[in-house]
Amino acid sequence: MQSYNISGFINNSGGGDLAFDSEGTLYLACFSGLYKFTEINDENGTAEIIRISAENFPFQLTSMAIDSKDRIFVGTNDSNSKLIQISKEDGAYSIVKT
């Protein structure tokens, strides 16, 4: 198993998940927002990301999936868990199901 040093996090506090879209772009959704990987260097174990969302999410994310229409969905781990859709364009989100 290889580990990577990732640069570009803002307010990182752990948690979250990774998923590839249909074009092979890797996304990371975590408490500090939605990120897009801009560079991954397997040889030296480094990666660079940019934050798409304007601010931190008000919840901890525990899972992430991208559906066949390239929509991002995440789940939360609070006592009243939520299914949330996040925009790949600007990180805006809406609660789909509680």
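Student: Which residues does Ser 53 touch, not counting residues up to four places away in sequence?
Tutor: Ser 53 touches Ser 32, Gly 33, Leu 34, Asp 90 and Gly 91; contact means heavy atoms within 4.5 Å. Please note that this is a predicted model, in which local features need pLDDT of at least 70 and side-chain atom pairs count only at pLDDT 80 or more, while totals for chains, interfaces and linings use all residues. Residues are numbered from 1 along each chain as its sequence is written, and side-chain values use heavy atoms, with hydrogens and water left out.

Student: Where is Ser 53 found?
Tutor: Ser 53 sits in the loop between β5 (46-51) and β6 (61-66). Strands (E, at least two residues) and helices (H or I, at least four) are DSSP runs, numbered from the N terminus.

Student: Is Ser 53 buried or exposed?
Tutor: Ser 53 counts as buried because its relative accessibility is 5%. Buried means under 20% relative accessible area, exposed over 50%, and partly exposed in between (1.4 Å probe, protein chains only).

Student: And what does the side chain of Ser 53 reach?
Tutor: The side chain of Ser 53 comes to 2.9 Å from the backbone nitrogen of Leu 34.

Student: Changing topic: how many salt bridges does the structure hold?
Tutor: There are four salt bridges, each a side-chain nitrogen of Lys or Arg within 4 Å of a carboxyl oxygen of Asp or Glu. One of them joins Asp 21 and Lys 88, with the closest N and O atoms 2.9 Å apart. Asp 21 lies in the loop between β2 (17-20) and β3 (26-30) and Lys 88 in the loop between β8 (83-86) and β9 (93-97), so this pair ties together parts that are 67 residues apart in sequence.

Student: Is Lys 88 buried or exposed?
Tutor: Lys 88 is buried, with a relative accessible area of 16%. Asp 21 also counts as buried, at 7% relative accessibility.

Student: Which residues are linked with Asp 21 in a network of salt bridges?
Tutor: The network links Asp 21 with Asp 70 and Lys 88. Not counting residues up to four places away in sequence, Asp 21 touches Tyr 27, Ile 66, Asp 70 and Lys 88. A polar atom of the Asp 21 side chain also lies 2.9 Å from the backbone nitrogen of Thr 25.

Student: With which residue does Asp 67 form a salt bridge?
Tutor: Asp 67 pairs with Arg 71, and the closest N and O atoms are 2.6 Å apart. Asp 67 is partly exposed at 22% relative accessibility, and Arg 71 is partly exposed with a relative accessible area of 33%.

Student: What about Lys 82?
Tutor: Lys 82 forms a salt bridge with Asp 78, the closest N and O atoms being 3.0 Å apart. Asp 78 counts as partly exposed, at 31% relative accessibility.

Student: Now Phe 9: where is its place?
Tutor: Phe 9 is in the loop between β1 and β2 and counts as partly exposed, at 29% relative accessibility. Leaving aside residues up to four places away in sequence, Phe 9 touches Leu 28, Cys 30, Ser 32, Tyr 35 and Ile 49.

Student: How many residues apart in sequence are Phe 9 and Arg 51?
Tutor: Phe 9 and Arg 51 are 42 residues apart in sequence, and their C-alpha atoms are 7.4 Å apart in space.

Student: Where is the place of Ile 6?
Tutor: Ile 6 belongs to strand β1 (residues 5-7). Ile 6 is partly exposed, with a relative accessible area of 33%.

Methods: A polar contact is a pair of N or O atoms within 3.5 Å; within protein, one must be able to donate a hydrogen and the other to accept it, and residues adjacent in sequence count only if both atoms are side-chain atoms.
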